[in-house]
Amino acid sequence: MRSSRLVPWVVGSGAAEVTDVALGTSLADKVTIAQGHFAASEIESACITLNGFISQVSAQRGKKIDPALADLLTADANAIKTAIACGS
């Protein structure tokens, strides 16, 4: 049995530090959606959403997201993917 208590959704807090409000909201929304999928035991959908989050962060790294923050957000999202057993 999977438990949402095992998953540290820390990436949501970093999205507030993004310089573009719409981008920050979009990233936070992706985290919320991934959390919902996880809570509903829809692991594959959670993983797909996290992949979208990582892609969006990567696309804005050095533009609207400071590179250090982008690296932290990406590392956190990848740690979550590992914790919830996403495939490659």
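Trainee: Where is alanine 85 found?

Mentor: Alanine 85 sits in the segment after H4. Keep in mind as we go that this is a predicted model.

Trainee: How do I read the phi of alanine 85, and what value is it near?

Mentor: Start with the general idea. Most residues other than glycine have a negative phi. Now the case here: the phi of alanine 85 is near 65°, which is positive although the residue is not glycine. Serine 41 also has a positive phi, near 60°, and it too is a residue other than glycine.

Trainee: Where is serine 41, and is it buried or exposed?

Mentor: Serine 41 belongs to the loop between helix H2 (21-39) and H3. Its relative accessibility is 58%, so it counts as exposed, the cut-off being over 50%.

Trainee: Let's turn to disulfides. How many does a search of the whole structure find?

Mentor: The general idea is that a disulfide is a covalent bond between the sulfur atoms of two cysteines. In this structure the search finds 1. It joins cysteine 47 to cysteine 86, with 1.9 Å from S to S. Cysteine 47 lies in helix H3 and cysteine 86 in the segment after H4, so the bond ties together parts that are 39 residues apart in sequence.

Trainee: Which hand does the link of cysteine 47 and cysteine 86 have, and are the two cysteines buried or exposed?

Mentor: The link is left-handed, with -90° about the S-S bond. Both cysteine 47 and cysteine 86 are buried.

Trainee: And how many salt bridges does the structure hold?

Mentor: For a salt bridge, look for a side-chain nitrogen of Lys or Arg within 4 Å of a carboxyl oxygen of Asp or Glu. The structure holds 1: the side chains of arginine 61 and aspartate 71 meet at 2.8 Å, N to O. This pair links distant parts of the chain, 10 residues apart, with arginine 61 in the loop between H3 and helix H4 (67-83) and aspartate 71 in helix H4. Arginine 61 is partly exposed, at 40% relative accessible area, and aspartate 71 is partly exposed with a value of 40%.

Definitions and conventions
Residues numbered from 1 in each chain as written. Predicted model: local features only at pLDDT ≥ 70, side-chain atom pairs only at ≥ 80, totals over all residues. Heavy atoms only, no water. Helix = DSSP H or I, 4+ residues; strand = E, 2+ residues; numbered from the N terminus. Buried < 20%, exposed > 50% of the residue type's maximum accessible area, 1.4 Å probe, protein only. Disulfide = S-S within 2.5 Å.
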